Amino acid sequence: MDINENSRLSRVAKRREEESRNNPRKPNKNSGLVKKIILGALTALLALFVIGATVFFVYAKNAPELSENKLTSAGNSVIYDANGDKITSLGNENRTYIKTEDIPQQLKDAVVSIEDRRFYKHHGVDPVRIVSAVLSNVTGSSAGLQGGSTLDQQLIKLSFFSTKKSDQTLKRKSQEAWLAMQLDKEYSKEQILTFYINKVFMGYGTYGMETAAKYYYGKSLKNLDLAQTAMIAGIPNAPSTYNPYSSPKLATQRRNDVLDAMVANKKISQAQANEAKQEDVTDGLVQTHEQESTTSQKAKISDSYLKEVIAEAKEKGYDPYSGNLKIYTNLDMDAQKKLYNIVNTDYYVDFPNDTMQVATTVVDPNNGKVIAQIGGRKTGDVTYGLNRAVQTDRSSGSTAKPVMDYAPAIEYLDWATYHALKDTKFYYPGTSTQLHNIDNRYKGTVTMRQALIESRNVPAIKTLQAVGMTKAKSFLSNLGYDTKLSLQNGIGLPASTLQNAAAYAAFANGGTYYEPTYIDKIETADGQVNDYSSSGKRVMQSSTAYMITDMLKQVITSSNGSGTAANISGLYQAGKTGTSDYPSDVSGQFPSDASMDSWFDGYTKHYSISVWVGYDHQYEPGNYVPNNSTLAQQIYKVLMTYLSQGVSNTDWTKPSNVYSRTINGQRELYLAGSAAPTITGKGSSSGINESSSSSSSSSSDKESSGSTSSSDEKSSGSDSNSNASESSTSTASSTSTNSSATTTTGGNNNTQSNNTPATPAGNNGGNQAGH
């Protein structure tokens, strides 16, 4: 390079240097922002990690102590009565525990493949599995075959914690992970797998896979073929869903998923899997199982109750069979024993035969607790059999009248107990179906009290028309009834003894409805106690409850009452009878006084009892209840007499807005400021006339010894009121909503019946309910 060239390059360099000094390069703002974002993100992640670690260790610090006893226990839940005494354990307490060396390798491979493929690689908690589970849930790529929990975590959950989903909190997850890591340190993989195989619930009250192999296939695990082994390995994920007895299709899918997982985990070949899939999932299943002879007497007499306890626990999100739960119920065992003996012996009442059935529910009106229940008689040593006490396919007959007709009339229309009603020939609107009373007579004009005491059908339906179906449905809904309704339901609801006992309890306690409950509290495996009490809801005024109760007392005590067989001398109580008749197309096959169902619902201030008597196959010859039968009342009387010993016996207190007057020698009730037609005359009902004006009374009227003088009555009767023109003649008309009401309310076959289908009650001559 010559001198001139060097000189030129030197000048270029100097020029660039001079430009650089005069125009300094501006910094890249974007580059700085990115650095700040990255630094902030790293700081946030670090903070989250520190916070998460702190929270984890705080929670883990309070985790239960690892206990081999809990790891090896069967996991049975225990059910207790209201006194805390054990009733029964759920599951097979004679579990067959299998030792590690006796577990077939084929089963180990199946369990690990479907539940935790990286079981032998992780240390109790598997971060890879957690990330994989998250991605699989987002993409759906694994069809949900594996979640984020390892076998260690599943074992910890079964041994120490509740399996209820809502209990899977951050605290529980932290403790679960901590114990899983401790478990992995203290025990070998083979020991952990042995714990799990012996712990899991396998359906039908069985725990552990060896017990399940003998239950399902009648042989030990070592004697199962590949398809059967895969079936056993797949059941714990959802024992009721993957049940080869009741759900063979889903069970087959689950078994095949296990086989596919074994192929993916290189434990079997695809050819072996294909061959196993050809086997029908029901092949080799034991077809019959003998009843366990260890069934306790307490469990036997409480079978219906226990069935509902298990159902209620599941509704609350628990799995009673795999949750290591302590379930404390509201069952009064002494009352349950008494009820069982009443219906299963002839010592207290005389049953015509052993096929007649009974259902009874007892509720505490002050909290809704179901303290006793029986769903059948002479049922043998069944476990969780048909509970007729909660079946709602039978008509409640005239027990519907207080809840659907008369209570709403008082609540919404302010009717007095002496409100005048027409008891005359009546046809359901838009039909030729005539409605009859139990005596096939009409009495002209009667009071609401007389109509209810004598359980007359026509006045009840006319009352319902006056109330209107919309209001009646609303009233019933608040009392726990949920069914389609028509005008005919005014003399018969499809109901259960559970519903009726809870509804009548609202009359007993002054107008508050409590949803009936079987469970008082549940204690989970880690000691957490969850209380379950029913919060009451006011559904009617106390005046309505009192006035209904006042009339229902006379159903039992009046000489014309339909429930005199339930009378218990000296006891303050109220109640209502009910019967349902056969549809017209089959009624000719039975005596004229035959009923399908017989009811009695009665209560005191301490107990509400509903009793149903009838037959499962009510259309078979001879399976009827005579209309004059008092069996339901007799059962109630014996039970209520027993229950009322040792408790207070006081009358209901009249609310301040309820007043009384004596009309024709009868103490009647009315509401302050209300009006109702005045009833005059004495003697037979045919001598009672409806006044042209309504009677009322000022709020200053007082009750004096349950009666008023005749002059007070006349004075009150002269009060004017804008509603004076309201009479039962006008109430006999119906709205367009009611005019088409012709569908049945009951009298249907029991779910076990295989006989002639029931004819809609609208076709039975309007005589579907008796008294």
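Me: Is Tyr-80 buried or exposed?

Reply: This is a predicted model. In it, Tyr-80 has a relative accessibility of 15%. The cut-off for buried is under 20%, so Tyr-80 counts as buried.

Me: Which aromatic pair does Tyr-80 form?

Reply: Searching the whole structure gives 23 aromatic pairs. One of them joins Tyr-80 to Tyr-328, and that pair is stacked. The ring centres are 4.6 Å apart, with 15° between the planes.

Me: And Tyr-328, buried or exposed?

Reply: Tyr-328 is buried, at a relative accessible area of 18%.

Me: What does the pair tie together?

Reply: Tyr-80 is in strand E1 (residues 78-80), while Tyr-328 is in strand E3 (residues 326-329). The pair therefore ties together parts that lie 248 residues apart in sequence.

Me: What sheet has E1 and E3 in its order?

Reply: An open sheet of 5 strands, in the order E2-E1-E3-E13-E14. The pairing is mixed. On average, neighbouring strands in this sheet are turned by 20° against each other, ignoring direction.

Me: Which strands stand at the edges?

Reply: Strand E2 (86-89) and strand E14 (529-531). Each has a single partner strand, so one side of each has no neighbour in the sheet.

Me: How many bridges join E13 to E14?

Reply: Strand E13 (residues 519-523) is joined to E14 by 3 bridges, and the two run antiparallel. As one example, Lys-521 has Asp-531 in E14 as its bridge partner.

Me: Back to rings. Which residues do ring pairs link into a cluster?

Reply: Tyr-204, Tyr-215, Tyr-216 and Tyr-245 are linked into a cluster by ring pairs.

Me: Now the whole chain. How many helices and strands does it have?

Reply: There are 26 helices and 23 strands. The chain has 771 residues, and 53% of them count as buried. Its accessible surface is about 33,700 Å², with 49% of that belonging to carbon and sulfur atoms.

Me: What share of the contacts comes from residues 24 or more positions apart?

Reply: Among contacts in the chain with a separation of 6 or more, such residues account for 72%.

Me: What pLDDT does the chain average?

Reply: The average is 81, and 75% of the residues score at least 70. Over residues 142-146 the pLDDT is below 50, and this stretch has 12 contacts beyond near neighbours in sequence. Residues 680-768 are also below 50, with 205 such contacts in the model. Where pLDDT is low, the predicted coordinates should not be read in detail.

Conventions
Residues numbered from 1 in each chain as written. Predicted model: local features only at pLDDT ≥ 70, side-chain atom pairs only at ≥ 80, totals over all residues. Heavy atoms only, no water. Pairing = 2+ DSSP bridges. Helix = DSSP H or I, 4+ residues; strand = E, 2+ residues; numbered from the N terminus. Axes fitted to C-alpha atoms, helices over the stretch in contact; angles between N-to-C directions. pLDDT = per-residue confidence, 0-100. Contact = heavy atoms within 4.5 Å. Buried < 20%, exposed > 50% of the residue type's maximum accessible area, 1.4 Å probe, protein only. Areas by Shrake-Rupley, 256 points an atom, 1.4 Å probe, with all protein chains shown as cover. Phe/Tyr/Trp six-rings, centres within 6.5 Å; stacked < 30°, edge-to-face > 60°.
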